[in-house]
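Open the model in a viewer and keep the selection tool at hand. The stops below go from the whole chain to single residues.

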Amino acid sequence: MPSLPPGITEWLPSGLFTVLLGLVWYEVRASEARLNKRIDELREDNRELSRKLDRLMESRLPTPQ
């Protein structure tokens with residue numbers, strides 16, 4: 001088995017750690033973006049339900065005479 005070039009054994013652990021940290025950071029940011037998108041969707045759904053409730057309440061009110 002060929003030996004590793006000199007210096008690579010010192011670089012490899014820190015480089016690997018940096019790569020793993022980068023992957024974790026990327027996933028955290030992607031997860032945050034998905035969560036923010038879902039929150040925006042829920043807010044829009046909530047606005048639509050509020051509008052429907054307002055229309056329903058208005059239709060149930062007695063008409064002024």
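Predicted model: local features only at pLDDT ≥ 70, side-chain atom pairs only at ≥ 80, totals over all residues.

**Whole chain**

The secondary structure is quickly listed: one helix and zero strands. Helix 1 covers residues 8-60.

Turn the view along the principal axes. The C-alpha atoms fill a box of roughly 95 × 20 × 10 Å. The radius of gyration of the chain is 28 Å, whereas a compact globule of 65 residues would have a value near 11 Å.

Of the 65 residues, 2% count as buried.

Colour by charge next. The chain carries 10 positive and 10 negative side chains. The centres of these two sets lie 6 Å apart.

**Nonpolar patch**

Select Leu16, Val19, Leu20 and Leu23 and show their side chains. Together these residues form a nonpolar patch on the surface, with about 390 Å² of accessible area.

Within this selection, centre on leucine 16, which is found in helix 1. Is leucine 16 exposed, partly exposed or buried? Its relative accessible area is 49%, and leucine 16 is therefore classed as partly exposed. The cut-off that decides this is 50%, since exposed means a relative accessible area over that value.

Select glutamate 27 and arginine 34. Glutamate 27 counts as partly exposed because its relative accessibility is 40%. Arginine 34 also counts as partly exposed, at 48%.

Go on to arginine 38 and glutamate 41. Arginine 38 has 41% relative accessibility and so counts as partly exposed. For glutamate 41 the value is 36%, which again gives partly exposed.

Then select glutamate 44 and arginine 47. Why are arginine 47 and glutamate 44 separated by about one helical turn? The reason is that they are three residues apart in helix 1. Arginine 47 is partly exposed, with a relative accessible area of 42%. Glutamate 44 is partly exposed too, at 35%.

**Residue pairs along the chain**

For the last stops, turn on the distance tool and pick C-alpha atoms.

Begin with valine 24, a residue of helix 1. At 52% relative accessibility, valine 24 counts as exposed. Draw a line from valine 24 to arginine 43: the two are 19 residues apart in sequence and 29 Å apart in space, C-alpha to C-alpha.

Move to glutamate 58, which is also placed in helix 1. Glutamate 58 has a relative accessible area of 57% and is therefore exposed. How far is glutamate 58 from asparagine 36 in space, C-alpha to C-alpha? The distance is 33 Å, for a separation of 22 residues in sequence.

End at serine 59, in helix 1. Serine 59 counts as exposed because its relative accessibility is 53%. A line from serine 59 to leucine 35 spans 36 Å, C-alpha to C-alpha, and the two residues are 24 apart in sequence.

**Looking back**

The chain has one helix and zero strands, and 2% of its residues count as buried. On its surface are the nonpolar patch of Leu16, Val19, Leu20 and Leu23.

Note on methods
Residues numbered from 1 in each chain as written. Heavy atoms only, no water. Patch = residues over 30% accessible without salt bridge, like charges linked within 9 Å, V, L, I, M, F, W, Y side chains within 5 Å. Areas by Shrake-Rupley, 256 points an atom, 1.4 Å probe, with all protein chains shown as cover. Salt bridge = Lys/Arg side-chain N within 4 Å of Asp/Glu carboxyl O. Helix = DSSP H or I, 4+ residues; strand = E, 2+ residues; numbered from the N terminus. Buried < 20%, exposed > 50% of the residue type's maximum accessible area, 1.4 Å probe, protein only. Rg over C-alpha atoms; globule rule 2.2 N^0.38 Å. Lys, Arg positive; Asp, Glu negative; His and termini not counted. Charge placed at Lys NZ, Arg CZ, Asp CG, Glu CD.
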